[in-house]
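Have the model open as you read.

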Amino acid sequence: MGIRLPGVANAKRILRLADRNSDVIPKGHLAVYVGEAQRRRFVVPVSYLSHPSFQKLLSQAEEEFGFHHPMGGLTIPCREEAFINLTCSLNGS
């Protein structure tokens, strides 16, 4: 007698699809690269762009990189931990 957990099987299948389609960004989101030395890719809602704290990060990116971003996408020059803290606070507001 086995216990069937369809939710777990579906979650594994979805994760595998997400790995194969890592370049796919959901509608209403954008990819940003965050970090000082080594950069990590994050996908964030477009609504963050209008928040004053996020706009400060965008200003820093403009000062450092102008319109030439070395990763080929929007690069934000801040510590990964600071970015995560900021985005967590934006989720709560």
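Helices and strands here are DSSP runs, with at least four residues (H or I) for a helix and at least two (E) for a strand, numbered from the N terminus. Keep in mind that this is a predicted model. By that count, the protein chain has 3 helices and 3 strands.

Now for the chain as a whole. Of its 93 residues, 25% are buried. Take the contacts with a separation of 6 or more: 46% of them link residues 24 or more positions apart.

What does β1 pair with? Strand β2 joins it in the antiparallel sense, while strand β3 pairs with it in the parallel sense. Here are the two pairings side by side:

| Pair | Partner residues | Sense | Bridges |
|---|---|---|---|
| β1 and β2 | β2: residues 40-45 | antiparallel | 6 bridges |
| β1 and β3 | β3: residues 74-76 | parallel | 3 bridges |

To find the pairings on screen, look for Tyr33, which stands opposite Arg41 in β2. For β3, go to Val32, whose bridge partner there is Leu74.

One more spot to check is the hairpin of β1 and β2. It has 5 residues between the strands, and Gly35 takes a positive phi near 145°.

Notes
Residues are numbered from 1 along each chain as its sequence is written. This is a predicted model: local features need pLDDT of at least 70, side-chain atom pairs count only at pLDDT 80 or more; totals for chains, interfaces and linings use all residues. Side-chain values use heavy atoms; hydrogens and water are left out. Two strands pair if DSSP finds at least two bridges between them. Buried means under 20% relative accessible area, exposed over 50%, partly exposed in between (1.4 Å probe, protein chains only). Contact means heavy atoms within 4.5 Å.
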